[in-house]
Amino acid sequence: MLKVKNLHASVGDKEILKGLNIEVKAGEVHAVMGPNGSGKSTLSAVLAGRDEYEVTAGEVDYLGKELLELNPEERSWEGVFLAFQYPVEIPGVSNINFLKTAINERRKYFEQDPIAAKDFLKMVKEKSALVELSDKLKNRSVNVGFSGGEKKRNEIFQMAMLEPKLSILDETDSGLDIDALRIVAHGVNTLKSKDNATIVITHYQRLLDYIIPDFVHVLYDGRIIKTGGKELALELEEKGYDWLTKEEA
Amino acid sequence: MAYSEDDLKQDLVDQEYEFGFTTDVDSEKIPKGLTEETVRIISSKKEEPEWLLEYRLNALRVFQGMTEPDWAHVTYEKPNLQDIVFYSAPKPKKELASLDEVDPEILKTMERLGISLEEQKKLTGVAVDFVMDSVSVATSFKEKLGELGVIFCSFSEAVKEHPELVKKYLGTVVPSTDNYYAALNSAVFSDGSFCYIPKGTKCPMELSTYFRINESGTGQFERTLLIADEGSYVSYLEGCTAPQRDENQLHAAVVELIALDDAEIKYSTVQNWYPGDKNGLGGVFNFVTKRGICQRNAKISWTQVETGSAITWKYPSCILKGDNSVGEFYSVAVTNNHQMADTGTKMLHIGKNTKSTIISKGISAGMSHNSYRGLVKIGKGADNARNFSQCDSLLMTDTCGAHTYPYIECENSSAHLEHEATTSKIGEDQKFYCMQRGIGEEKAISLIVNGYAKEVLNKLPMEFAVEAQKLLEISLEGSVG
C-alpha cells in the first residue's frame, strides 16, 4: 500500500528526515516510535502534504500513485487520513456540517451525488457510537470547547466516517487518560480490516497495549534505525532509546 | 440549522463583480452640479409641496456651511460635487398599471438580479419596491398590505399621499444638521422608501427594497423613513447591487427608523455595491447615515452584511429613549483588494433599563482596511442600562489591516457594560485540517469564514442568509494565495 523510499525532508534550512524507508501493506498495523525531535511528526505531516515541509529527495508510492505529487485534499480523497496530534478548532462550523462537507467533496471527486441525508445520519449514529461521542458534541463547532480526550475521540469519529485506507495516528495517545485511551483504541481496532492499514506514531508503549502492532519501527535522527515485532516496543519501554542510539553512533 | 453551507451554489467561479452590468435605459437628467437652483429643480420635478422645498433649502444652507469630515480611517479622493448629476429618472415616467408597461430592459435587469417581479409576486411573503436610479418603477403586494393599513411605497409617493406622516417624522431622527452627508442628502434626496405600520399590526411579510445605482455619474441619495406605530412589528430587508464602473460613484443615503411604544423593527441589509477592481480603481463611495429611535419597550435590530463599496462609512445606530427599550447591531463587514470600511454603531442609552447588544465581525483581505468604530453612551437618567459588545476581526492576509475604535461614555454608575474583542488570522492550521479531510482550500476558507460570521448570518431572514453566504464566498475568492 505505502512504500516510502529514501525520504528526505526539511523545514527551512533544517533537514529533519534523512533517508527514511518504510513499507506498509494492507491489513497491517505499524508503530513508529522514537525520542523527541526524531522526526515523527514530520513524517506524518509530509505524508499528509503539509506545505511547510519541503521534500528534498526520495519517493513515496501509495497504491501505485506518486503520493508526493498529490495535494492534501487529493490524498484525503484517495484514502489517506491523519489523526492530528493537536486537533484544530473551527468556530461556528458544526462537526456534522464539517463532515458532511468533507464527505460530499470526496464524492464529488469520484463523480458521485451528494450523500442522502438519511444515509448520512445513519452513518453518524453508527460511527459515533464507536467512540462514545455524545449528540451534544456532534452538533457543536468542530473541536471548540472539547476536552483533550473528546478531541481525540472526535478524530477517530472522523476517521470512521471517512473510511480511509491508510490512517496515520499522530501521538493520538498524548493527553489521554486510561479510559479515553481504551475508547480510542477500541475505535481503531474495530475499524481495522484486511484492506486498510494503520501507522501509529507514538512516544510511549502504553497505546500499543491496546492497539497491537505487527511491526515496530524506531525513528531516530530522521531515519528508521531498527524494525522489529511488537516485543520491540516492550524492550524500548524497559531500556529506553539509548542502547539503540549508541549502537547507531 | 437555519441554513447550511451546502446551500451555497457551486458555480460561483467568476471572480469579477457578479452583477457588473449596465441597463440601457433612457434617463431624464438635470445638469451637473449643486446649487440652490438644483434643489429647486429636483423639488419641482417631483411636484413637491412648499414645506418640503423649504426643508431641502434649509438643509442646503446647513450643508454649505459644513466641511467634509476626515476622522474615519479611510482615504479617498473627495468627490467633486459640481461634477455630479443630482437627479435622474428613467423615462418614460408614467403611471404603470402592470409589469407589461415597465421598460423591458429594466425587467431584464431585475431578472439578472434574480428578483423578477413576476417571480416575486408568486413567491410568498416578499413585497419588493425596486428602485432603479431614483424613481420607483414598480411596487408589488401593495394591495395586500393596504388591507392591513400598512403603507409601503416610494418616498415621493408618500409625500403626495401621506404628507402628514412624512412631515411629522422626516428629520426627527437624523436632522439635516447631523452631519455633512446627511445634510447633503436632506437637500437633494431623490427618492427612497416609505413604510408605516399601524398600531398593533404585525406586518405579515418581509418588506424588501432593492437599490441599484444605474446611470453613470449619477449620485444616489436615497431617503428611507420607516415608522412602526405602537405595538407593531416589521422586518425590513434592504439589498444593494450596482453595475461595474470605472469612475467613483457617490452614495449618501439616510435611513430613519421610528419605533413607537412596544414596537419592534428588524432592519436587515446585504450591501454589495461595486467595490472597485483589483487595483482599487472605481467603486462606490457609501456614506450612509442610519439611525433609529426607540420609545418605551420598543426594539430596533440592525443586521448588516457589507461586502461591497470602495469606501464604506456607516454606523447604524439606536437612540434608546424609552424605558426598557432594546437596541441591537449585528454586522459582518468584508473588505478585499483596496476596499476601506469604517463601520460600527452608536447605542445611546437614555431611558431606564435599556439594553443594547453589539456583535461586529470584520473580515479583511488583500490590501484592505477594515475598522470598527462604535460608541456606547449611557446617559445620566439611564438607570440599569446594559450593553454587551463583541468586536472580532479576521485577517486573511499579511497586507490588510483591522482596527477597532470602541468608545464608551458612561454617566450613570448603575450601568453594566461588557466589551470583548479578538483579532485572529485565518489559520494555516485550520485550512490544513480542512484540506486533510478532503475540503479544498477555497471551500475551506468559505467554511471557516461562514463559521466565523455565523452569529450574525443567523440573524438574517432565511433568503438573505443564503444570499449573504454567497456574497462572502464571492468576495473572498482568490483572497488567500
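**Entry 1. Y196(B)**

I began with Y196(B), which counts as buried at 14% relative accessibility, because the cut-off for buried is under 20%. The model I am reading is a predicted one. I located Y196(B) in strand 6 of chain B, residues 191-197. I then listed its contacts, leaving aside neighbours within four places in sequence: G149(B), V150(B), I151(B), L165(B), I227(B) and D229(B). I also looked up the C-alpha separation of Y196(B) and A228(B), which is 5.9 Å for two residues 32 apart along the chain.

**Entry 2. T201(B)**

I moved on to T201(B), in the loop between strand 6 and strand 7 (206-212) of chain B. T201(B) counts as buried, with a relative accessibility of 11%. Not counting residues up to four places away in sequence, T201(B) touches L148(B), V150(B), G231(B), S232(B) and Y233(B).

**Entry 3. A59(B)**

I next examined A59(B), placed in helix 2 of chain B, residues 50-64. The relative accessible area of A59(B) is 0%, so this residue is buried. Beyond four places in sequence, I found A59(B) touching S176(B), A183(B), S186(B) and A187(B). For the pair A59(B) and S176(B), I recorded 5.5 Å from C-alpha to C-alpha against 117 residues of sequence.

**Entry 4. Chain B overall**

I turned to the totals for chain B. I read 11 helices and 23 strands in chain B. Chain B has 481 residues, of which 63% count as buried. Of the contacts in chain B with a separation of 6 or more, 84% join residues 24 or more positions apart.

**Entry 5. Nonpolar cores**

I asked which residues touch the most other members of the largest nonpolar core. In this core of 106 residues, they are L2(A), L20(A), L47(A), F98(A), I199(A), I363(B) and M396(B). Helix 10 of chain B, residues 441-457, supplies the largest share of the core, with 9 residues. A second, separate core holds 53 residues, among them L53(B), C153(B), Y181(B) and A183(B). I recalled that A183(B) is also one of the contacts of A59(B).

I followed F98(A) further. Setting aside residues up to four places away in sequence, F98(A) touches I90(A), V93(A), V142(A) and Q158(A), and in chain B it touches Y433(B), C434(B), R437(B), I439(B) and L447(B).

**Entry 6. Helices 9 and 10 of chain B**

I checked how helix 9 of chain B, residues 428-436, packs against helix 10 of chain B. Their axes come within 9 Å and cross at roughly 120 degrees. Helix 9 of chain B is therefore oblique to helix 10 of chain B, and the crossing is right-handed. On the helix 9 side, I listed Q430(B), K431(B), C434(B) and M435(B); they meet E441(B), A444(B), I445(B), L447(B) and I448(B) of helix 10 of chain B. By class, I read 6 nonpolar, 1 polar and 2 charged residues in this contact.

**Entry 7. Helices 6 and 7 of chain A**

What angle do the axes of helix 6 and helix 7 of chain A make? I found that the axes of helix 6 (residues 148-162) and helix 7 (residues 178-191) of chain A cross at roughly 10 degrees and come within 9 Å. Helix 6 of chain A is therefore roughly parallel to helix 7 of chain A. I noted K152(A), R153(A), I156(A), M159(A) and A160(A) of helix 6 meeting I183(A), V184(A), G187(A), V188(A) and L191(A) of helix 7. The residues of this contact divide into 7 nonpolar, 1 polar and 2 charged.

Note on methods. Residues are numbered from 1 along each chain as its sequence is written. Chains are lettered from A and ligands numbered from 1 in the order in which they are written. This is a predicted model: local features need pLDDT of at least 70, side-chain atom pairs count only at pLDDT 80 or more; totals for chains, interfaces and linings use all residues. Side-chain values use heavy atoms; hydrogens and water are left out. A nonpolar core is a set of buried Ala, Val, Leu, Ile, Met, Phe, Trp, Tyr and Cys residues joined through side-chain atoms within 4.5 Å. Buried means under 20% relative accessible area, exposed over 50%, partly exposed in between (1.4 Å probe, protein chains only). Helices (H or I, at least four residues) and strands (E, at least two) are DSSP runs, numbered from the N terminus. Contact means heavy atoms within 4.5 Å. Axes are lines fitted to C-alpha atoms, for helices over the stretch in contact, and angles run from 0 to 180 degrees between N-to-C directions. Angles under 35 degrees count as roughly parallel, over 145 as roughly antiparallel, 65 to 115 as roughly perpendicular and the rest as oblique. A crossing is left-handed if the near helix is turned anticlockwise from the far one by less than a right angle, and right-handed if clockwise. Ala, Val, Leu, Ile, Met, Phe, Trp, Tyr, Cys and Pro count as nonpolar, Asp, Glu, Lys and Arg as charged, and the others, Gly among them, as polar.
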